[in-house]
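Welcome, and thanks for taking a look at this one with me. Below are some numbered notes to read beside the structure.

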Amino acid sequence: MRRFCRGLTPLLLTVMLVLAGCSDSPAPVSSGDDDKPSYPVTWRFALEEIEGSVQHRYALEFKDRIERISDGNILVDIFPYGSIGTSLQLTELVREGSVHLAFASPGHLANVIPEVGVFTLHYLLSDDEEVNRDVLASDELKQLFHEPYSEQGLKLHGFVPEGWMVWTANKPLRSPADFDGLTIRTMTSDIAEETYRTYGAATSQVPFSQVYSDLQLRRIDGQANPVFAIEEMGFYEVQGVMTFARPAQFVTSVVSNTSWFDALPEDQKLWLEDAMDEVAPLAYEVQAELNASRLNTITEISNIRVVELNEEERSRFREASLPAREAYFRIAGERGAAILDQLLTMVSTTESATPTADTTAQ
Ligand code: 6CS
């Protein structure tokens, strides 16, 4: 694996101290003689992915826009994955105020906010990516999650889809029975394991940084991620088959520290929101382009086999995955159940309003 430095977990406390001691301030400092903030101020934005990833491209576009919209008053320092911690550690850094903005993916975040575990369930969203894009970008969805995020000290700025999850292993995974006897890596929350258990797999919660070596050492047999991540993390080097079953979108969320955001001057809040509104549609295009171009790269430079499931095969997985929703209800409770219901309604309403939508999912 060439582009990623492993072994990033131990120094979280040091990182927190270093970030806390940085000369730039989380909120603008008053100049003294009036209430105007003293500019420029620097916001720290932490990523769960390495340079060149969907999250990195999002952060670069955001940085570009906020620096322009604010006339250079807001600067952004981007911390790619590997520089300060695992996904859950990034969430902690946001909650304790050392980092201002971060990506927080539901597959990891669900142990902190059980309701976001809904995005780890399979065959829940539409088969039509544009329907999913519209549902995930909607204020209605953001509103549904406002309270669960706030309760954990996090301000939710939006959900970002990063492409279909693709299974990798050393054999094709054409039916749930093919998972029998396999150990599948999942993201680091309990709900992320549930669907794979319903397929009969053994599961192992592993941080992103450790997946390559666990595959190489045969501590795990397979994993799931969008194509762009399979390429940039080198998983294709240590796996023989990619199975395209389109079970779920990889969904992430952009968060900040609630107290920090609430204390921002009104103009800064608006700049932040305007910049994010501009970046959301671009991020969708970026993930589509990266997922397509990196599939070409993988097939050109490796012998990995690509298997695409037909609708009959997919529907067997869909059927087998349904008991995981019961586990989600147990873990996420009534509020989680209401969110799942509402999400299903939003998907079917959006599909009905999209004449070209492919509606075989759910
Ligand atoms: O599998 C994971 O853990 C990671 N996958 C992606 C595509 N982004 C961040 C996440 O932590």
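1. A definition to start with: Ala, Val, Leu, Ile, Met, Phe, Trp, Tyr, Cys and Pro count as nonpolar, Asp, Glu, Lys and Arg as charged, and the others, Gly among them, as polar. Please also keep in mind that this is a predicted model.

2. A search of the whole structure turns up three cavities of 30 Å³ or more. The largest cavity has a volume of about 210 Å³. Its lining is made up of 16 residues, and Phe119, Thr120, Met165, Met187 and Ala192 are the ones nearest the centre. By the grouping above, the lining of the largest cavity divides into ten nonpolar residues, five polar and one charged.

3. At least two lining residues come from each of α4 (106-109), β8, α7 and β12 (249-257). The largest share, three residues, is supplied by β12.

4. Now for the open spaces. The largest pocket has a volume of about 460 Å³. It is lined by 23 residues, with Ala137, His157, Gly158, Asp277 and Ala280 nearest its centre. Two or more lining residues come from each of α5 (129-137), α6 (139-151), β6 (154-164) and α11 (266-301). Helix α11 gives the largest share, eight residues. In this lining, 14 residues are nonpolar, three are polar and six are charged.

5. The second largest pocket has a volume of about 220 Å³. Of its 15 lining residues, Glu129, Trp164, Val227, Phe244 and Asn291 are the closest to the centre. The elements that contribute two or more residues here are β6 and α11, and the largest share, four residues, comes from α11. The lining of the second largest pocket divides into nine nonpolar, three polar and three charged residues. Domain 1 and domain 2 each provide at least three residues of this lining.

6. The aromatic residues deserve a look too, as the structure holds 22 aromatic pairs. Phenylalanine 179 is in the loop between β7 (166-169) and β8 (183-186), and tyrosine 196 is in helix α7 (residues 190-198), so the pair ties together parts that are 17 residues apart in sequence.

7. The charged end of arginine 133 sits over the ring of tyrosine 284, 5.1 Å from the ring centre. Lysine 269 lies over the face of phenylalanine 261, 5.6 Å from the centre of that ring.

8. Finally, please look at helix α3 (residues 87-95). Its buried residues include Ser87, Gln89, Leu90, Thr91, Leu93 and Val94. After α3 comes glycine 97, which has a positive phi, near 90°.

Definitions and conventions: Residues numbered from 1 in each chain as written. Predicted model: local features only at pLDDT ≥ 70, side-chain atom pairs only at ≥ 80, totals over all residues. Heavy atoms only, no water. 1 Å grid on protein atoms, 1.4 Å probe; cavity = no way out; pocket = protein on both sides within 12 Å on 5 of 7 lines; lining within 4 Å. Points joined across faces, edges and corners; volume = space filled by probe spheres on them. Domains from an automatic or database assignment. Phe/Tyr/Trp six-rings, centres within 6.5 Å; stacked < 30°, edge-to-face > 60°. Lys NZ or Arg CZ within 6 Å of the ring centre and 35° of its normal. Buried < 20%, exposed > 50% of the residue type's maximum accessible area, 1.4 Å probe, protein only.
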